[in-house]
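Subject: Handing over a structure

Dear colleague,

I am passing this structure on to you, and the sequence and the 3D view are placed just below. Please look at them before you read on.

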Amino acid sequence: ALDDCRIIELPQVHDQRGNLTFVEGGRHVPFDIRRAYYLYDVPAGSHRGGHAHRELSQLIIAMSGSFDILLDDGCEKRKFHLARPHYGLLITPMVWREMDNFSGGSVCMVLASAHYDESDYFRDYQQFCAAASR
Ligand code: TYD
């Protein structure tokens with residue numbers, strides 16, 4: 001699953017009036033987009049994430065500012081830094097994520113393949129590792 005997680009470069013339309021980026025479900029991301037949510041007003045030193053999902057796929061975009069994301073499939077860890085709004089990090093199911101190092105004023109947008117469902121979460125790392133190694 002960790003090998004399927006990757007930075008996706010999104011289309012950019014450059015113009016004197018500014019830049020435009022778009023994301024189409026099934027095209028730029030390998031899932032239909034059923035939910036968008038965003039983190040903002042993140043205090044300095046905050047840690048977010050700390051969970052994995054059974055079935056959810058997500059694309060994480062730094063709409064403004066920057067932050068770090070650590071991915072972990074229970075065996076291997078990989079670190080990513082997001083800092084530009086035309087790149088997204090694809091996170092596939094069964095990957096634990098931790099987010100930190102948010103810059104001031106940063107906005108983290110997440111496009112997700114399903115509506116919010118707490119039963120899709122692993123919030124306990126040991127339980128996640130046990131399920132991931134099965
Ligand atoms: P959580 O996914 O733990 O946040 P993060 O991974 O960014 O640290 O969600 C935090 C809280 O917000 C939790 O109580 C569930 C709630 N929530 C929703 O109600 N709907 C949503 O779409 C999301 C993502 C979270």
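Predicted model: local features only at pLDDT ≥ 70, side-chain atom pairs only at ≥ 80, totals over all residues.

Residues are numbered from 1 along each chain as its sequence is written.

The chain holds twelve strands and one helix, where helices (H or I, at least four residues) and strands (E, at least two) are DSSP runs numbered from the N terminus. Read from the N terminus, the order of elements is β-β-β-β-β-β-β-β-β-β-β-β-α. Of contacts between residues at least 6 apart in sequence, 76% join residues at least 24 apart, a contact being two C-beta atoms, placed from the backbone, within 7 Å.

Of the 134 residues, 22% count as buried, that is, with 20 or more other C-beta atoms within 10 Å of their own, whereas 12 or fewer makes a residue exposed and anything in between partly exposed, with C-beta atoms placed from the backbone. The largest nonpolar core has 22 residues, and Leu59, Ile60, Phe67, Ile69, Leu82 and Leu89 have the most contacts inside it; such a core is a set of buried Ala, Val, Leu, Ile, Met, Phe, Trp, Tyr and Cys residues joined through C-beta atoms within 7 Å. The largest share of this core, four residues, is supplied by β6. Leaving aside neighbours within four places in sequence, Leu89 is in contact with residues including Cys5, Ile7, Leu59 and Ile60.

Isoleucine 8 lies in strand β1 (residues 6-9), and this residue counts as partly exposed because it has 15 C-beta neighbours inside 10 Å. Not counting residues up to four places away in sequence, isoleucine 8 touches His28, Val29, Leu59, Gly88 and Leu90.

Around the ligand are Arg35, Tyr37, Leu39, Arg48, Gly49, His51 and Tyr116, a residue being near a molecule if its C-beta atom, placed from the backbone, lies within 6 Å of it. The elements that give two or more residues to this shell are β4 (35-39) and β5 (48-53).

With best wishes
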